[in-house]
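Trainee: I have a new structure open and would like to learn how to read its features. Could you walk me through it?

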Amino acid sequence: MTKYKSLFKILNYSFKNKDLLIQALTHTSYANETGTKDNERLEFLGDAVLELAISDILYSQFPQAEEGKLTKARACLVNETSLANLARKLELGKFILLGKGEELQGGRERNSILADTFEAILGAIYLDSKNFSQIKKIISKLFFPLLPKKINTLTEKKDYKTQLQEYTQEKFGDRPIYTLIESSGPDHAKIFKVKVILPNPQKTEVFAEEQSIKKAEQLAAKKALQLFRQK
């Protein structure tokens, strides 16, 4: 575990179960080549833990903020770019286990892989510690530099998903629904197809494909906004 000393120091956490850490660092491309477990389940768990922790932090830090602003603030904090940047702060790139093809394609610096690995690490810490308070402290420390004194500073910049949600809630009184349709291609160049169902009377469906689910959802939201603006 000596090779992970710098990671443990930044996180202020040492794993009791080394296997959880290794799994969190194992990309699907490496898992397919070696027959080991990949980090997708841990990523799923970490995503949920992160959302709850950030929601709790924002709820406490901005007691006067309405639900809509809290939702926007969370979206501004928890996105592929911010998570990838935090992964770089942890130097996760040098620890990730990648397949040969993904390695050649520069996977260690790809935002989607870094962000997913960051979430997987959080999921692994949660399972290893069985302590939400502890993982929340780690998340608070990592995200503290990103938290402004005023919530408006966070919510002024709106991504496409936030813009679409605001539009549909105002226009139709409901939110769009995003669904992953399929993923295709080799592990080092996987493409994700996403569908967004709009809450208009026609229940319009908009599709988009990208190299990560988060990017595909943003692209689908952008297309949906363009569709509404054309009318």
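This is a predicted model: local features need pLDDT of at least 70, side-chain atom pairs count only at pLDDT 80 or more; totals for chains, interfaces and linings use all residues.

Trainee: Let's begin inside. Which residues have the most contacts inside the largest nonpolar core?

Mentor: The general idea first: in soluble globular proteins, nonpolar side chains tend to be buried together. Here the largest nonpolar core holds 48 residues, and those with the most contacts inside it are Leu11, Leu50, Ile54, Phe118, Ile139 and Phe143. The elements giving two or more residues to this core are H1 (5-11), H2 (18-24), H4 (40-61), H5 (67-77), H6 (80-89), H8 (111-129) and H9 (132-143). H8 gives the largest share, nine residues.

Trainee: What does phenylalanine 118 touch?

Mentor: Leaving out residues up to four places away in sequence, phenylalanine 118 touches Leu50, Leu83, Leu86, Ala87, Leu90, Leu92, Leu142 and Phe143. There is also a second, separate core of 10 residues, including Leu198, Ala208, Ala220 and Ala224.

Trainee: Now the annotations. Where does UniProt place the feature "active site"?

Mentor: The unreviewed UniProt entry places "active site" at Asp47 and Glu119. They span 73 residues in sequence, yet no two of their C-alpha atoms are more than 5.5 Å apart, so they gather at one spot.

Trainee: Is each of them buried or exposed?

Mentor: Take them one by one. Aspartate 47 lies in helix H4 and counts as partly exposed, because its relative accessibility is 32%. Glutamate 119 is in helix H8, and with a relative accessible area of 1% glutamate 119 is buried. Setting aside residues up to four places away in sequence, glutamate 119 touches Leu42, Glu43, Gly46, Asp47, Leu50, Leu83 and Lys214.

Trainee: What about serine 112, and what is it in contact with?

Mentor: Serine 112 also has its place in helix H8. Its relative accessible area is 9%, so serine 112 is buried. Apart from neighbours within four places in sequence, serine 112 is in contact with Glu80, Gln211 and Ser212.

Trainee: Let's move to a single helix. How many residues does H11 have, and how far does it reach?

Mentor: H11 runs over residues 160-172, which is 13 residues. From its first C-alpha to its last, H11 reaches 17 Å, close to the 18 Å expected at 1.5 Å a residue.

Trainee: Which residues of H11 are buried, and why do they lie on the same side?

Mentor: Start with the general rule: an α-helix has 3.6 residues a turn, so residues three or four places apart point the same way. In H11 the buried residues are Thr162, Leu164 and Thr168. They cover an arc of only 165 degrees around the axis, which puts them on the same side of H11. These buried residues pack against H5, strand S1 (177-184), strand S2 (191-197) and helix H12 (213-230).

Trainee: What is found at the start of H11 and just after it?

Mentor: At the start, a side-chain oxygen of aspartate 159 comes within 3.3 Å of the backbone nitrogen of lysine 161. Just after H11, glycine 173 has a positive phi of about 75 degrees.

Trainee: Which residues does the annotation "domain: DRBM" cover?

Mentor: The unreviewed UniProt entry gives residues 159-230. Over that stretch the chain is 43% helix and 29% strand, with its end C-alpha atoms 19 Å apart.

Notes:
Residues are numbered from 1 along each chain as its sequence is written. Side-chain values use heavy atoms; hydrogens and water are left out. A nonpolar core is a set of buried Ala, Val, Leu, Ile, Met, Phe, Trp, Tyr and Cys residues joined through side-chain atoms within 4.5 Å. Buried means under 20% relative accessible area, exposed over 50%, partly exposed in between (1.4 Å probe, protein chains only). Helices (H or I, at least four residues) and strands (E, at least two) are DSSP runs, numbered from the N terminus. Contact means heavy atoms within 4.5 Å. The expected span of a helix is 1.5 Å times one less than its number of residues. The arc is that of the directions from the helix axis to the C-beta atoms. A polar contact is a pair of N or O atoms within 3.5 Å; within protein, one must be able to donate a hydrogen and the other to accept it, and residues adjacent in sequence count only if both atoms are side-chain atoms. UniProt positions are given in the numbering used here, feature names are shortened, and annotations may be inferred rather than shown by experiment.
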